[in-house]
Amino acid sequence: MTYTIQEPVSGDFDQVVETTIDALKDEGFGVLCDIDVQATLKEKLGEEFRQYRILGACNPGLAHEGLNEEIELGALLPCNVIVYETDDSEVMVSAVDPQQLVGLADNEALDSIATEVHERFERVLTSVAEELESQAEE
């Protein structure tokens with residue numbers, strides 16, 4: 001089962017993160033948390049790890065709508081978007097597929113919300129790839 005939507009991109013890791021945050025904002029998402037997994041594993045365990053950031057993204061209007069339909073939906077929020085270095089030293093932007101997440105709730109009233117979030121995340125990933133490609137051409 002695939003539970004994410006992904007887009008490999010080219011660019012400086014930190015720039016990819018910033019471009020992703022900007023693209024999320026353009027689609028109405030705020031980033032409620034930004035977890036630097038590499039730094040956390042180094043600090044807490046003394047372990048080296050690839051660059052890896054988890055962005056907890058939330059669209060307040062859609063979250064409100066979803067919570068009104070399914071109060072337990074909060075256990076699945078915010079929706080995570082990750083940016084990480086691949087084994088090939090490339091950068092991947094990946095978002096949880098909300099259509100898979102809401103399938104856990106088994107509540108058809110959430111289907112249209114999940115579709116809306118999925119479509120917005122697809123636009124975010126496309127936007128990030130296009131923006132970074134445009135920057136590389138300059």
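View 1. Arg53 is buried, with a relative accessible area of 14%; buried denotes under 20% relative accessible area, exposed over 50% and partly exposed the range in between, using a 1.4 Å probe and protein chains only. The residue belongs to strand E3. Strands (E, at least two residues) and helices (H or I, at least four) are DSSP runs numbered from the N terminus. The model shown is predicted: local features need pLDDT of at least 70 and side-chain atom pairs count only at pLDDT 80 or more, whereas totals for chains, interfaces and linings use all residues. Residues are numbered from 1 along each chain as its sequence is written, and side-chain values use heavy atoms, with hydrogens and water left out. Not counting residues up to four places away in sequence, Arg53 touches Phe13, Asp14, Val17, Asp34, Ile35, Asp36, Val81, Ile82 and Val83, contact being heavy atoms within 4.5 Å. The side chains of Arg53 and Asp34 are joined by a polar contact of 2.5 Å. A polar contact is a pair of N or O atoms within 3.5 Å; within protein, one must be able to donate a hydrogen and the other to accept it, and residues adjacent in sequence count only if both atoms are side-chain atoms.

**View 2. The two sides of helix H3.** Helix H3 covers residues 60-69, and its buried residues are Leu62, Ala63 and Gly66. Seen down the helix axis, these buried residues fall within an arc of 100°, so they line one face of H3; the arc is that of the directions from the helix axis to the C-beta atoms. Pro60, His64 and Asn68 are exposed on the other side of H3. Strand E3 (52-58) and helix H5 (111-137) are among the elements that cover the buried residues. At the N-terminal end, Asn59 caps H3, with a side-chain oxygen 3.2 Å from the backbone nitrogen of Gly61.

View 3. The 27 residues of H5 should span 39 Å at 1.5 Å a residue, and the end C-alpha atoms are 39 Å apart, which agrees; the expected span is 1.5 Å times one less than the number of residues. The buried residues of H5 include Ile113, His118, Arg120, Phe121 and Leu132. Strand E1 (4-9), helix H1 (13-26), H3, strand E4 (79-85), strand E5 (91-96) and helix H4 (98-103) pack against the buried residues of H5.

**View 4. Thr86 in the loop between E4 and E5****.** Thr86 counts as buried, at 17% relative accessibility. Leaving aside neighbours within four places in sequence, Thr86 is in contact with Arg50 and Met92.
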